[in-house]
Amino acid sequence: MSDLNKLGLAEARDALRAGETTSKELTEACLTAIDGAGALNAFVHRTPEIAMEQATQADARLKSDKEAPAMCGLPIGIKDLFCTKGVPSQAGSRILEGFLPEYESTVSQNLFDAGAVMLGKLNMDEFAMGSSNETSVYGNAVNPWRRGNDDVALTPGGSSGGSAAAVAADLCLAATGTDTGGSIRQPAAFTGITGIKPTYGRCSRWGVVAFASSLDQAGPMTKSVRDAAIMLEAMCSYDAKDSTSAELPVPNFEAALTGDVRGKKIGIPKEYRMEGMPEEIETLWADGIAMMKDAGADIVDISLPHTKYALPAYYVIAPAEASSNLARYDGVRYGHRARLDHGDGITEMYEKTRAEGFGPEVQRRVMIGTYVLSAGFYDAYYNRARKVRSLIKKDFEDVFAQGIDCILTPATPSAAFGLGEMADADPVQMYLNDVFTVTVNLAGLPGIAVPTGTDRQGLPLGLQLIGRPWEEADLLSSAYALETAAGFVAKPDKWW
Amino acid sequence: MSIDENTAARVAKLARIKVEPEALPALAQEFNGILGFIEQLSEVDVEGVEPMTSVTPQRLKRREDVVTDGDQQDKVLKNAPDAREGFFAVPKVVE
């Protein structure tokens, strides 16, 4: 078989089972593709020796075990936010330079237990704070897509920008991502791939470098909805090491992919019709609604009245949690420590270490978080934001109580923009990228981005489906219907 | 609520991030932009609303109060920028 790196998870799994290829061949094809894709800056730490070793073991397992898990032998990339034993895990930050974890994150361990092969670590915004992968210590990841014949480098989105670029460019069969405000779904939409953030608590957060613990969730970034179902199942588990991990059985998500949405009630929230929304996004959304209707779903207009307040609430809660979580980077236990001047004490060590180790966006958010948690402002900002968060969650509970099965919205307010284009913009302009996705994190719900069309310049655009808590199986099945109807098959032309 | 340079300096100090004095005006301006955006939250009627503590209704699990981990000093110290004689080493803390 040729072009093995271009396969999806399901196709590769079936090819392995049919004896048409081996894990070693799949892995070698991906490693070659990675070597030729330096211009995308997606893989920032390559692990070819680990990959070939895991592939050899997977091939042996596939031979001896007819019941080997679906992920067995499939080469994937791991976002740099996941701690991988003995392999650099820097969260895209200078402050974790040289850090080699002594342990494995639960999610990556689950994937390895299922036989998955790790090709390396993927670029991302520093500590997952960003929507364009431009805050990374490794430099920008680059979107494999371009605007027609224009050679301007575009962002793959963020924070899981390296994961998105790598999957879209066929450097791996799939990748892990994490999503705190949209960091799986926005880059998936910008690169024409599928990405799902499961219900909060589905994937263990243990060993995933913490950004905002009440919002962070891991999920797969894949070439199809079926692949997302396969990989999500392997990633999920109850984990006693994460106190918020859900002790619920993990369904067979792939088996639930009927794509039958007849009689399902799909909500269309009027508040997501933002002022100044580009016409192309409007059209994409209208087309998606028509596709679901044609597939037999009932389209219902709904209201989620507190939507407007989701981003401001997020920009209190996420920085507050980040300022607390990132207090651990003090130059004592791991990572970077600043060189000290004569007479410097421990306070100078902390201050210089953190000034050198954190980039500007991380510093900004840590300080905003510190401010909103400080005496005198805690009630006005932090407690108020948590109350608004309760109201945002209640908006969703109300529509689900009315019988809505899932909610269809745009995934992003635009297509991928040029790297550097937002450099002079106010930070709040960048935050608006997450306007459609952030509500889902605040409410703890599952959300999936599916590519459904392209803009005038040929760039991919995606729609988002939001599901009921713990009903990823149903959500994936609806997404499968949308994917089937949209028939999005475009791939970026190789220029790298 | 407008943030001046003194407040920005105080926040930087609380966050233990060294900010050079010449960078404070721009930092204060950025904070004001972000806080202005956050200010919208004051429009929301939150009377009688409980602040969210957990996004899923599950109760935090309890476990037996027993030692579950330990005896890995070498691993704990492995990534330390300065470890000596089984301890993390830091600059002098008390005079």
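**Figure 1. Crossing of helix 11 of chain A and helix 1 of chain B.** In this predicted model, the axes of helix 11 (residues 360-373) of chain A and helix 1 of chain B come within 9 Å of each other and cross at roughly 100 degrees. The two helices are therefore roughly perpendicular to each other. Helix 11 of chain A contributes A:Met367, A:Thr370 and A:Tyr371 to the contact, and helix 1 of chain B contributes B:Val11, B:Ala12 and B:Leu14. By residue class, this contact holds five nonpolar residues, one polar residue and no charged residue.

**Figure 2. The side of chain B that touches chain A.** Contacts between the chains involve 37 residues of chain B and 55 residues of chain A. On the chain B side, the elements that give two or more residues are helix 1 (5-14) and helix 2 (24-38). Helix 2 of chain B provides the largest share, six residues. The residues on this side of chain B comprise 23 nonpolar, five polar and nine charged.

**Figure 3. Overall form of chain B.** Chain B has three helices and two strands, which follow the pattern α-α-α-β-β along the sequence. The radius of gyration of chain B is 22 Å, whereas the globule rule gives 12 Å for 95 residues, so the chain is more spread out than a compact globule. Along the principal axes, the C-alpha atoms of chain B fill a box of roughly 55 × 45 × 25 Å. Of the 95 residues in chain B, 15% are buried.

**Figure 4. Packing of helix 7 against helix 15 within chain A.** The axes of helix 7 (residues 225-235) and helix 15 (residues 472-486) of chain A come within 9 Å and cross at roughly 160 degrees. This angle makes helix 7 of chain A roughly antiparallel to helix 15 of chain A, and the crossing of the two helices is right-handed. From helix 7 of chain A, the residues A:Val225, A:Ala228, A:Ala229 and A:Leu232 meet A:Glu472, A:Leu476, A:Ala479, A:Tyr480 and A:Glu483 of helix 15 of chain A. Seven nonpolar residues, no polar residues and two charged residues form this contact.

**Figure 5. Helix 5 of chain A and its surroundings.** Helix 5 (residues 161-168) of chain A is mostly covered, with eight of its eight residues buried. These buried residues are A:Gly161, A:Gly162, A:Ser163, A:Ala164, A:Ala165, A:Ala166, A:Val167 and A:Ala168. They pack against several elements of chain A: strand 1 (43-46), strand 2 (75-79), strand 3 (117-122), strand 4 (174-179), helix 6 (185-191) and strand 6 (217-222). Just after helix 5 of chain A, A:Asp170 adopts a positive phi of about 60 degrees.

**Figure 6. A:Cys172 in the loop between helix 5 and strand 4 of chain A****.** With 31 other C-beta atoms within 10 Å, A:Cys172 is buried, because a count of 20 or more meets the cut-off for burial. Apart from neighbours within four places in sequence, A:Cys172 is in contact with A:Cys30, A:Pro75, A:Ile76, A:Gly77, A:Leu119, A:Ala166 and A:Val167. A:Cys172 and A:Gly73 are 99 residues apart in sequence, and their C-alpha atoms are 12 Å apart in space.

Conventions. Residues are numbered from 1 along each chain as its sequence is written. Chains are lettered from A and ligands numbered from 1 in the order in which they are written. This is a predicted model: local features need pLDDT of at least 70, side-chain atom pairs count only at pLDDT 80 or more; totals for chains, interfaces and linings use all residues. Two residues are in contact if their C-beta atoms, placed from the backbone, lie within 7 Å. Helices (H or I, at least four residues) and strands (E, at least two) are DSSP runs, numbered from the N terminus. Ala, Val, Leu, Ile, Met, Phe, Trp, Tyr, Cys and Pro count as nonpolar, Asp, Glu, Lys and Arg as charged, and the others, Gly among them, as polar. Axes are lines fitted to C-alpha atoms, for helices over the stretch in contact, and angles run from 0 to 180 degrees between N-to-C directions. Angles under 35 degrees count as roughly parallel, over 145 as roughly antiparallel, 65 to 115 as roughly perpendicular and the rest as oblique. A crossing is left-handed if the near helix is turned anticlockwise from the far one by less than a right angle, and right-handed if clockwise. The radius of gyration is taken over C-alpha atoms; the globule rule is 2.2 Å times the number of residues to the power 0.38. A residue is buried if 20 or more other C-beta atoms lie within 10 Å of its own, exposed if 12 or fewer, and partly exposed in between; C-beta atoms are placed from the backbone.
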